[in-house]
Amino acid sequence: MCGIVAYLGDKDVQPILIEGLKRLEYRGYDSAGIALLSDNKIQLAKTAGRISVLEEQLNEKRIPAKLGIGHTRWATHGKPNTVNAHPHLDYTGKISIVHNGIIENYTTLKKWLIKQGCTFQSETDSEVVANLIGYLYTSGMSPNGTNHHDEQNKFEWAVQQALNELQGTYGLAIICSDYPDMMIGAKKGSPLILGVGDNEYILASDASAIVEHTTQAIYLSDNEMVTLTSEGFRTKTINNVSVNKDLKEIEFSLEQIELAGFDHYMHKEISEQATALRTCLGGRIDTKNARVVLGGIRDQLRGLTMTKKVILTACGTAWHAGLVGEFLFEQLARIPAEVEYASEFRYRNPVIEENTIVIAISQSGETADTIAAIELAKERGAKVFGVVNVVGSTIARMTDAGIYLRVGPEIGVASTKAFTAQVSVLTMLAIELARRRHLSNEATSTLLEELECIPDKIEPILAQSEDIKKIAAANIDRNNWLFLGRGVNYPVALEGALKLKEISYIHAEGLPAAEMKHGPIALITDGMPAVFIATKCSQYEKIIGNIEEVRARGGKTIVVATEGDENIKQYADHLITVPNTVDQLQPILTVVPLQLLAYHAAVLRGHDVDKPRNLAKSVTVE
């Protein structure tokens, strides 16, 4: 969940690393640091806190260098302080590494290295990697008795031997003071991309740190390493087998990752949703022929149509999108579906029967728990499909087929436009499967025409932002909220509660509205905010009754209702409206005001919306 950026080229490396770390800060911001190779010596600068703290420190100390590595941390092993900050040096001072991931056997390796005379400074698992490489480099002998031979570069050899001893996940960038014109990167389970420019190379955890310099990139696969010099680069497996990698075009521009006049990325991404969904849906809805065109799974649609069961697996916001998908697959396509937390899936010995498909949902395509769930599903013989946003990501490459969201980069830690796109993609897939199984052309056309109108219907919701801000202001002194919905809007209640928790630090609970009276109603106190999704739908009258139950106990009702519903006004202390649409598509609209509500609540409470405490954007550790 940390961010790595490393540079080798003919430019001054320090400002490049700092700028790259700023673009990666959403991946972690507990501490930061850089290591520069200057005059055959590794020089470190690192500190607890944000990149801005490191930048201030470096403004007083400019180090001329053309090679360097940088890191912004989300702490796993060891407190977020300066000592535990990356980069780490080995015990000889010759090797420096930055690491994203978790080394599961670090305790065993650390004990062994201490016996060999290595010393440690930090509490991190990552320092073990530096010391293991350093020991192998110095001794020329690996733990299994393999000796270094003169015909192989000693630095490369030491890295390769070390990688074969590591258990866990890693994205690594490594430098050695004896090789001032060389850098090595390696990947297993954590993302690592090589940007290839003119006389320069950039290694990074994702393309946002690369795109300013080049749009040409190589996506490393697991158990691969890359050696960079001023003469070029070579890729191979950690077992020394050469690998040829194709250059890929990064599919977003620098402008897309700029704030563009917004104060926060989250607000920008909420506001982009109408445009983003037009791109997501564009070219995929064929209303004339009443069908959906999904190129990424075109060759798999026959098998998908015959499936007996769909398992959707994801984490966090993506799990909520999967829960909407469960409703859609069962209601529209009449295919049994279930949603699994990816973090639990691999540990509960799930039953995966013949003709079961698994759909893995992840914005980044790098979520470690979801990757582990995919691996298990494939071991059990399931076809696995991905719904991801990032082209070339691990999940995109390891699944049998998939559908890209196509909404552009999402920088804000609290996911917004990815959720609405995930729901839109699952909706398209459910409609197409329904059409192939039983749904009439007329019913299919109605759904597709409504889906095509959804981006336009988001616009009037966004226009209510200032009114929603006033609702947030009136309630932010309350530290306990309820979010309640029924049917397909129940997952929206969960998502609304999650957004409020993530960025405003207000405790919130999302529930099916009917379940409130089975216990949680005891929580309601005078003035407690209860957010209801009470749109015109098949359960409209039922949810009116649930609102009455809260009002009778003194709760304050914030109601998301259908535009033009005069009846609902008498039940709402605060009213937010959304345009009318069919029941199955309502979540794409009803979630938007809840995103704005959480955003304004967090800003009014003085929190850093894009960098909420203890969180990081891409969860690449289990």
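Student: At roughly what angle do the axes of helix α7 and helix α14 cross?

Tutor: Please keep in mind that this is a predicted model. Two packed helices are described by the angle between their axes and the distance between the axes. Here, helix α7 (residues 273-281) and helix α14 (residues 441-462) have axes that cross at roughly 170 degrees and come within 8 Å. Angles over 145 degrees count as roughly antiparallel, and α7 and α14 are therefore roughly antiparallel to each other. The crossing in which α7 passes α14 is left-handed.

Student: Which residues make the contact of α7 with α14?

Tutor: From α7 come Gln273, Ala274, Leu277, Arg278 and Leu281, while α14 supplies Leu451, Ile454, Pro455, Asp456, Ile458 and Glu459. Sorted by class, this contact holds 7 nonpolar, 1 polar and 3 charged residues.

Student: How are helix α16 and helix α18 oriented, parallel or antiparallel?

Tutor: Helix α16 (residues 490-504) packs against helix α18 (residues 586-604) at an angle of about 20 degrees, and their axes are 9 Å apart. That makes α16 roughly parallel to α18. The handedness of this crossing is right-handed. On the α16 side the contact includes Val492, Leu500 and Ile503, and on the α18 side Val591, Leu594 and Tyr599 are among the residues. The contact of α16 with α18 comprises 10 nonpolar, 3 polar and 2 charged residues.

Student: Which class of orientation applies to α3 and α4?

Tutor: The axes of helix α3 (residues 106-115) and helix α4 (residues 126-139) cross at roughly 45 degrees and come within 10 Å. α3 and α4 are therefore oblique to each other. Their crossing is left-handed. Tyr106, Leu109, Lys110, Trp112 and Leu113 of α3 meet Val128, Asn131, Leu132 and Tyr135 of α4. Of these contact residues, 7 are nonpolar, 1 is polar and 1 is charged.

Student: What is the pairing in the open sheet of 5 strands, parallel or antiparallel?

Tutor: The pairing is parallel, and the strand order is β23-β22-β24-β25-β26. Here β23 (507-512) and β26 (574-578) are the edge strands, each with a single partner, so one side of each is left without a neighbour in the sheet. On average, neighbouring strands of this sheet are turned by 20 degrees against each other, direction ignored. Strand β22 (residues 480-485) pairs with β23 over 6 bridges in the parallel sense, and Leu484 has Leu511 of β23 as its bridge partner. Helix α15 (residues 465-475) lies across β22, β24 (529-533), β25 (556-562) and β26, at about 150 degrees to β26.

Student: Which elements make a right-handed β-α-β unit?

Tutor: The unit consists of β17, helix α9 (residues 316-333) and β18. Strand β17 (residues 309-314) and strand β18 (residues 337-341) pair in the parallel sense over 5 bridges, and Leu312 stands opposite Val339 in β18.

Student: Finally, which residues does the cis peptide bond join?

Tutor: Backbone angles deserve a separate reading. The cis peptide bond joins His86 and Pro87, with omega of about 0 degrees, and Pro87 lies in the loop between β4 and β5 (88-89). In the loop between β2 and β3 is Asp39, a residue other than glycine with a positive phi, near 55 degrees.

Key:
Residues are numbered from 1 along each chain as its sequence is written. This is a predicted model: local features need pLDDT of at least 70, side-chain atom pairs count only at pLDDT 80 or more; totals for chains, interfaces and linings use all residues. Side-chain values use heavy atoms; hydrogens and water are left out. Two strands pair if DSSP finds at least two bridges between them. Helices (H or I, at least four residues) and strands (E, at least two) are DSSP runs, numbered from the N terminus. A crossover is right-handed if, with the strands pointing away from the viewer, the path from the first strand over the helix to the second runs clockwise. Axes are lines fitted to C-alpha atoms, for helices over the stretch in contact, and angles run from 0 to 180 degrees between N-to-C directions. Contact means heavy atoms within 4.5 Å. Angles under 35 degrees count as roughly parallel, over 145 as roughly antiparallel, 65 to 115 as roughly perpendicular and the rest as oblique. A crossing is left-handed if the near helix is turned anticlockwise from the far one by less than a right angle, and right-handed if clockwise. Ala, Val, Leu, Ile, Met, Phe, Trp, Tyr, Cys and Pro count as nonpolar, Asp, Glu, Lys and Arg as charged, and the others, Gly among them, as polar.
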